[in-house]
Amino acid sequence: MPLPDPGRRHPIILPDGTPHAGTVMLSQVLDHPNIQTGDFSYASDFDPPENWAQHLAPYLFPGARERLVIGRFCQIAHGVRFITASANHAQEGLSCYPFPVFDPAQMASYQPDTRDTVIGNDVWIGYGAMILPGARIGDGTIIGAGAVVRGSVPPYAIVTGNPSTVHSYRFSKPQIARLLSLKWWDWPPELITRAEPALLSGDVEMLETLAPD
């Protein structure tokens, strides 16, 4: 089966031939200077917004000093929010009140937290999850529904809860190492199409036989 067209806004076509308006390719809807997203990553929402960037990352303003980076082949469910570094208040003083943001002369240069939020490749972020400022989520991770994620999440972990914790890992450590070395998400599209049976069945050996030289 061929891969979905990464240049198509709505990649899912329903049986009646109409596109599913609630699912979008992120590369086609996120026109924001502070957001970088890889091909084939998509988001779904029961009430599709007009402005997907504002919907997913409501505190990330153009010109802010941090980025939201989303890898390839990510899957983002309804209600997911990225609370990026611009949302944070300074905590070193006697008050957390952001006095400078009310002064136009200071607002542009005032940002106490400038950490990037980075989502790896092939990450599934479940319903209503919240990704906090500076989170770094490893490749192949599953974020459970409603999880509140901060800090670094190892590759191929399954994390749940508030605050989120690693519940388990999807594969053994040797398998994870093999998958990270293969980096199938960076392969040419035609090769990924050939690898689909291996990816769907969990056959690492078959995947290795298809790896480019």
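A polar contact is a pair of N or O atoms within 3.5 Å; within protein, one must be able to donate a hydrogen and the other to accept it, and residues adjacent in sequence count only if both atoms are side-chain atoms. The legends describe a predicted model, in which local features need pLDDT of at least 70 and side-chain atom pairs count only at pLDDT 80 or more, while totals for chains, interfaces and linings use all residues. Residues are numbered from 1 along each chain as its sequence is written, and side-chain values use heavy atoms, with hydrogens and water left out.

View 1. Strands (E, at least two residues) and helices (H or I, at least four) are DSSP runs numbered from the N terminus. Thr23 has a relative accessible area of 3% and is buried (buried is under 20%, exposed over 50%, partly exposed in between; 1.4 Å probe, protein chains only). The side chains of Thr23 and Ser44 are joined by a polar contact of 2.9 Å. Not counting residues up to four places away in sequence, Thr23 touches Arg9, His10, Pro11, Ile12, Tyr42, Ala43 and Ser44 (contact means heavy atoms within 4.5 Å).

**View 2. An open sheet of 7 strands.** The strand order is E1-E3-E5-E8-E11-E14-E15, with mixed pairing (two strands pair if DSSP finds at least two bridges between them). Strand E1 (23-25) and strand E15 (165-169) are the edge strands, each pairing on one side only. Strand E11 (residues 142-143) pairs with strand E14 (residues 157-160) in the parallel sense, over 2 bridges. In this pairing Ile143 stands opposite Val159 of E14.

**View 3. The largest nonpolar core, of 31 residues.** A nonpolar core is a set of buried Ala, Val, Leu, Ile, Met, Phe, Trp, Tyr and Cys residues joined through side-chain atoms within 4.5 Å. Ile76, Phe82, Ile119, Ile125, Ile131 and Ile143 have the most contacts inside the core. Helix H1 (26-29), H2, strand E4 (68-70) and E14 each supply at least two of its residues, and H2 gives the most, with 3. Apart from this core lies another, of 17 residues, among them Leu182, Trp184, Trp187 and Leu191. Ile143 is in contact with Trp124, Ile125, Gly126, Ala129, Ile131, Ile137, Val149 and Val159, leaving aside its neighbours within four places in sequence.

**View 4. Leu56 in helix H2.** Leu56 counts as buried at 4% relative accessibility. Its contacts, apart from neighbours within four places in sequence, are Leu26, Leu30, Ile76, Val80, Arg81 and Phe82. Leu56 and Phe82 are 26 residues apart along the chain, and their C-alpha atoms are separated by 5.9 Å.

**View 5. Aromatic pairs, of which the structure holds 7.** Rings of Phe, Tyr and Trp (its six-membered ring) pair if their centres lie within 6.5 Å; planes under 30 degrees apart count as stacked, over 60 as edge-to-face and the rest as tilted. Phe46 and Tyr127 form a tilted pair, 6.3 Å centre to centre with 45° between the planes. Phe46 lies in the loop between strand E3 (42-44) and helix H2 (52-56), and Tyr127 in the loop between strand E8 (124-125) and strand E9 (130-131), so the pair ties together parts that are 81 residues apart in sequence. Phe46 is exposed at 67% relative accessible area, and Tyr127 is partly exposed at 48%. The rings of Tyr97 and Phe102 are stacked, because their centres are 5.6 Å apart and their planes at 20°. Ring pairs also link Phe40, Phe73, Trp184 and Trp185 into a cluster.
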